[in-house]
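Here is a quick tour for someone meeting this protein for the very first time. Take a look at the model, then read on.

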Amino acid sequence: MTIPPSRDTVLCISLAGRPGTFGVRFHNHLYRQLGLDYYYKAMTTQDLPAAVAGIRALGIRGCGVSMPYKEACMALVDEIDPSAAAIESVNTLVNEGGYLKAYNTDYLAVRQLLQRHQIDPSTAFALRGSGGMAKAVASALRDAGFAEGIIVARNEQAGRQLADVCGYRWLPQLGDLCPPMLVNVTPIGMAGGPEAEELAFSPDAIAAAQQVFDVVAMPARTPLIRHAEALGKPVITGLEVIALQALEQFVLYTGVRPTDAQVAAAVEYARQA
């Protein structure tokens, strides 16, 4: 049973263009498991500077930041952790008495997943996307030793910039190329979006791939993941990313690191929405 928030309850929020339920259920479930007087709520905004000022002024402890706010938040905080500064993208704000520090736990999550799935850094890849999350993923690949990559982005300026920063090539389209690893970091396949039923890569590219990675978390099994699984391809899902990055956010907000069993229970609960 959920205990109603009191005047002493610590509030954490998230800001997203299309708020989801995973973070709300994940964080609140762990608060209940651990007996913490915290409460988490998902929000959106048309006025990001005012929203961030509200976090500071109202004493909101932490804020998860999702598309399309990851880069715009950079200019609105007091300090930027190296995890966010290196890639110029934010996904977490922590409020210490009105002093806002920004982090990027997406980057940390992707680094962990590349190690967990034991993907050989010599594997060439194509990454589709050029926004804040794409920066986190491309930077994690670069820092993990992946030297041969293509950034596929229709936005030439953003795509070229990301490719240049990470030492990769830029292409507006993948065309007939079929690299061993495909990474989707766009909203294609996201539930409720205009491209919810579309594949982020062509069937031929998926068929030729040795590894498929989709950062979209809702649904966990996107059209890209379902197609790859049907062909017997190893996959990394967005659910794995969102669970790991949410865990690191939880630790930043509360100072408490749950056990693996507690995290697994929270992930399972969050998926039931």
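In which helix is the place of leucine 224? Leucine 224 sits in helix H8, which covers residues 223–230; helices here are DSSP runs of H or I with at least four residues, strands are E runs of at least two, and both are numbered from the N terminus.

Before going further, a word on what you're looking at: this is a predicted model, where local features need pLDDT of at least 70 and side-chain atom pairs count only at pLDDT 80 or more, while totals for chains, interfaces and linings use all residues. Residues are numbered from 1 along each chain as its sequence is written, and side-chain values use heavy atoms, with hydrogens and water left out.

**The whole chain**

The protein chain has 10 helices and 12 strands. Its C-alpha atoms fill a box of roughly 60 × 35 × 35 Å along the principal axes. A compact globule of 273 residues would have a radius of gyration near 19 Å, and the protein chain agrees with that at 18 Å; the radius is taken over C-alpha atoms, and the globule rule is 2.2 Å times the number of residues to the power 0.38.

How much is tucked away? Of the 273 residues, 51% count as buried, with buried meaning under 20% relative accessible area, exposed over 50% and partly exposed in between (1.4 Å probe, protein chains only).

Alanine 124, 100 residues away from leucine 224 in sequence, is 19 Å away in space, C-alpha to C-alpha.

Glutamine 249 belongs to helix H9 (residues 238–254), and at 4% relative accessibility glutamine 249 counts as buried. Not counting residues up to four places away in sequence, glutamine 249 touches His27, Gly64, Asn91, Thr92 and Thr105.

**An open sheet**

Now for the strands. Six of them form an open sheet with mixed pairing, in the order E2-E1-E3-E5-E6-E4; two strands pair if DSSP finds at least two bridges between them. Strand E2 (38–43) and strand E4 (79–80) stand at the edges with a single partner strand each, so one side of each is left without a neighbour in the sheet.

Strand E5 is mostly covered, with 4 of its 5 residues buried.

| Strands | Bridges |
|---|---|
| E3 (residues 62–65) and E5 | 3 bridges |
| E5 (residues 92–96) and E6 (residues 99–103) | 5 bridges |

Which residue in E5 is the bridge partner of cysteine 63? That would be leucine 93, whose bridge partner in E6 is alanine 102. Asparagine 95 has leucine 100 as its bridge partner in E6. The hairpin of E5 and E6 has 2 residues between the strands, and glycine 97 takes a positive phi near 60° there.

Definitions and conventions: Contact means heavy atoms within 4.5 Å.
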